[in-house]
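Let's take a friendly walk through the charged side-chain pairs of this model. The sequence and structure come up next.

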Amino acid sequence: MKFTKMQGCGNDYIYINGGAEQIPQEKKPELALRLSDRHFGVGGDGVIFINPSTEADFEMEMYNADGSRGEMCGNGIRCVAKYVYDNHLTERQEVDIISAGQVKHVLLQTVNGRAVAARVNMGRPELTAEKIPVTADGERVIDEAILVDGKEYRMTCVSMGNPHAVVFVDEVEHLPIEKAGPCFERHERFPNRINTEFVRVIDREHVEMRVWERGAGETLACGTGCCAVVTACVLNGLTDRKVTVHVRGGDILIEWDEKEDTIYMTGPAVTVFEGEIDVCV
């Protein structure tokens, strides 16, 4: 089976052309688990199949490193757009990509005929608690207390097609994320588990973030998480609407357009290598 390893700010996935590689649907979670292993597989935060679609130009079918299905991936969708452009599956620099029923419009940035970055219309942030989902007494969860592993945090919850809890902290460099992250992920208030962003505000236009992704652990970046972070920052009066989010793997620019109530995400998309691996499916 042929594959391409790609990354966006260090958030790395194994990309498979679903139109060329015929993998039985029921085998995909196990395959994702095996391929994502950094010792016995290719290694990555998960596996993304790039499929034909009748509802958009292409479909992104995403699996986390533990084999669970993911709904949306901001870094992943930029790389999907790069893949289809660089491999001449489309000649257009604007493509619509669907993932778990959500269609996102992607505008590629190219250099010498190759895509290097992309700006994605990520849509409107969802703040209704039951739609995120998160259990709550009120309709929204903004700067609300939560007790996790005996410690009280304050969180703001957002869905960008997948659930996020944004937590503001004094510093992120020495944060024991490997302890706090799993406790947030499987907390009883999150029926579908949760992605958790730990954020330090630098100024009105810059923040620093580390992220614990459900099904993958700490990753170097999370595109949807960056969108959720800026949403939470604005709702809590901490930043402007155009913010550079410094993640461990680089920088992602997020803009929350007030008039459109739409979030735009801009960041890199990079091919690491291409390969072929024997799989028994």
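A salt bridge here is a side-chain nitrogen of Lys or Arg within 4 Å of a carboxyl oxygen of Asp or Glu. The model is a predicted one, in which local features need pLDDT of at least 70 and side-chain atom pairs count only at pLDDT 80 or more, while totals for chains, interfaces and linings use all residues. Residues are numbered from 1 along each chain as its sequence is written, and side-chain values use heavy atoms, with hydrogens and water left out.

Searching the whole structure turns up 21 salt bridges.

| Salt bridge | N to O distance |
|---|---|
| D86 and K82 | 2.6 Å |
| R200 and E208 | 3.0 Å |
| E173 and R248 | 3.6 Å |

Let's start with D86 and K82. Both belong to helix α2 (residues 74–86), where they sit four residues apart, about one turn of the helix. Helices (H or I, at least four residues) and strands (E, at least two) are DSSP runs, numbered from the N terminus. D86 is buried at 7% relative accessible area, and K82 is buried at 6%; buried means under 20%, exposed over 50%, and partly exposed in between (1.4 Å probe, protein chains only).

Now for E173 and R248, whose side chains meet in a salt bridge. E173 is in the loop between β11 (163–168) and α3 (177–185), and R248 is in the loop between β15 (242–247) and β16 (250–257), so this pair ties together parts 75 residues apart in sequence. E173 is partly exposed at 47%, as is R248 at 39%.

R200, the partner of E208, is partly exposed, with a relative accessible area of 29%. Elsewhere, shared partners link K5, D12, R38 and D45 into one network of salt bridges.
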